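Please read the following report alongside the sequence and the three-dimensional view.

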Amino acid sequence: MHDQALTLPSAAEAGVDPLWRHQLSLLLESTGEGIFGIDLDGHCMFINRAGAQLLGWPAAEVLGHNMHELTHHSHADGSHYPDTDCPIFNAFRRGLPCRIDTEVFWRRDGSSFAVEYSSHPIVDGDTVRGAVIAFVDITERKRAAAALQQSRDQLELRVTERTAELSAALQQVRELSAWMDSVREEERTRIAREVHDELGSLLVALKMDVNWIGKRLGEQQSRDADAAQAMRQQMRGKCDNMGALIERAVDNVGRIITDLRPSILDHQGLWAALEWQAHEFVQSAELELGWDLQVDESLELPEPAAMAVFRIFQEMLSNVGRHARAARVDIRIRADDGVLELRVKDDGIGAAPQAFGAPTSYGVRGMRERALHFGGSLEIASQPGQGSTFRLRLPLSISH
């Protein structure tokens, strides 16, 4: 690079005081910005060292050259940039100052760099003599701005994706909640029907028998001894019938209570309740059962977690009963390395994996939600014609 600090016209050529020229040279060299001046023809009158270095030219070789042709001849894409459109030239042609940060300057080696420049006319009284241009390389600033914009775009995209996922999850939660409400309502309806049909009819029959006995007792005094004895025999028969009705009522009440919450879960614990439920299921569904329980019976889960495991197990068996068309179900329960694993495998017709992730698979979704609430997971493996395997994994270190 040329070692001259600033290339200016001589004092005699410029018609200025040599001291002023020296001070101007020091002033222009004190800035890190590139600065050059052009006359009305666009030819360089002076340029500081920073400007010459940015353009890749020795300062002496720049003087007298048309600066638009030298460094501003093309757009960033390489297309021609006529000087009639150049804001630098318009600074003195129209007397319009400007500040531009969307263009490039070209170096001596043919490369370009993003530039921010300002152009101001040089005015001598009422006469414009040229323009002064100050410029800086903003390549790094542009790169940082582009990286920041890319980060913002990526962030906005992730936010949009997460918002869509949350909206979808919220919709699924709403659908699941609606499904659970409908299931509860169906269960209430079923229980109400059983209470009405079973217990209601038993209680009506008991009331009729009680009324019959009461009426006959009122007539006993008017009967002779033989008729009274015969009536007592009939009353004993009514009492026996009432006893049978009461036993049926007790059985129905017990069955309804068991459906709502099996007492065995409270009295004998989770493992006994699971075994009881398995045998009840295969008996009613007429399936073969493979039962394998390898859990220390002294191991206990907190009551909410135990109920969740039991309800998930019920739903697994319900899925087998409703969809599998199986002949056998194998159940394996393990507790190893701090994790409870409950597996239900059937030899039924199976299904495509996507069937268990369908929006209407509320039973599967409900099982997964129960498992997730206690830090667990539910895995399903199934293929058409190869049966299905449901596997629940739940940490034993459950605090709620």
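At 22% relative accessibility, Gly200 counts as partly exposed, a class that lies between buried (under 20% relative accessible area) and exposed (over 50%), as computed with a 1.4 Å probe on protein chains only. Gly200 is placed in helix α7, which covers residues 139-219, and its C-alpha atom is separated by 9.2 Å from that of Ala249, 49 residues apart along the chain.

The model is a predicted one, in which local features need pLDDT of at least 70 and side-chain atom pairs count only at pLDDT 80 or more, while totals for chains, interfaces and linings use all residues. Residues are numbered from 1 along each chain as its sequence is written, and side-chain values use heavy atoms, with hydrogens and water left out.

**Overall make-up**

The protein chain holds twelve helices and eleven strands, where helices (H or I, at least four residues) and strands (E, at least two) are DSSP runs numbered from the N terminus. Of its 400 residues, 34% count as buried. Among contacts (heavy atoms within 4.5 Å) with a separation of 6 or more, 57% come from residues 24 or more positions apart.

**Nonpolar cores**

In soluble globular proteins, nonpolar side chains tend to be buried together. A nonpolar core is here a set of buried Ala, Val, Leu, Ile, Met, Phe, Trp, Tyr and Cys residues joined through side-chain atoms within 4.5 Å. The largest such core has 40 residues, of which Leu270, Leu274, Val309, Met316, Leu342 and Val344 touch the most other members. Two or more residues each come from α9 (263-267), α10 (270-285), α11 (303-324), β8 (328-336), β9, α12 and β11, and α11 gives the most, with twelve residues. Leaving aside neighbours within four places in sequence, Leu274 is in contact with Trp291, Val309, Phe310, Phe313, Ile333 and Leu342. A second, separate core of 25 residues includes Ala59, Ile88, Ile100 and Ala131.

Val282, which is found in helix α10, counts as buried at 9% relative accessibility. Not counting residues up to four places away in sequence, Val282 touches Leu287, Glu288, Leu289 and Val329. The C-alpha atoms of Val282 and Arg328 are separated by 8.5 Å, although these residues are 46 residues apart along the chain.

**Aromatic rings and charges**

A search of the whole structure finds five aromatic pairs, a pair being rings of Phe, Tyr or Trp (its six-membered ring) with centres within 6.5 Å, called stacked when the planes are under 30 degrees apart, edge-to-face when over 60 and tilted for the rest. The rings of Phe356 and Phe390 have their centres 5.8 Å apart and their planes at 85 degrees, so this pair is edge-to-face. Because Phe356 lies in the loop between β9 (339-346) and α12 (362-373) and Phe390 in strand β11 (residues 388-395), the pair ties together parts that are 34 residues apart in sequence. Both Phe356 and Phe390 are buried. Elsewhere, ring pairs link Phe36, Phe105, Phe113, Tyr117 and Phe135 into a cluster.

Charges are also placed over rings, by the rule that NZ of Lys or CZ of Arg is within 6 Å of the ring centre and within 35 degrees of the ring normal.

| Charged residue | Ring | Distance from ring centre |
|---|---|---|
| Arg108 | Trp57 | 4.7 Å |
| Lys238 | Trp212 | 5.3 Å |

**Cysteines**

How many disulfides are there by this rule? The count comes to zero, a disulfide being a pair of cysteine sulfur atoms within 2.5 Å. The sulfur of Cys86 is 7.7 Å from the closest cysteine sulfur, in Cys98, which is too far for a bond. Cys86 is buried, with a relative accessible area of 1%, and Cys98 also counts as buried, at 15% relative accessibility.

**Two helices and their ends**

The expected span of a helix is 1.5 Å times one less than its number of residues. On that basis the 22 residues of α11 should span 32 Å, and its end C-alpha atoms are 30 Å apart, which agrees. The twelve residues of α12 should span 16 Å, and its end C-alpha atoms are 16 Å apart, which agrees as well.

After α11 comes Arg325, whose phi is positive, near 55 degrees, and α12 is followed by Gly375, with a positive phi near 75 degrees. Within α12, the residues Gly363, Val364, Arg365, Gly366, Met367 and Ala371 are buried.
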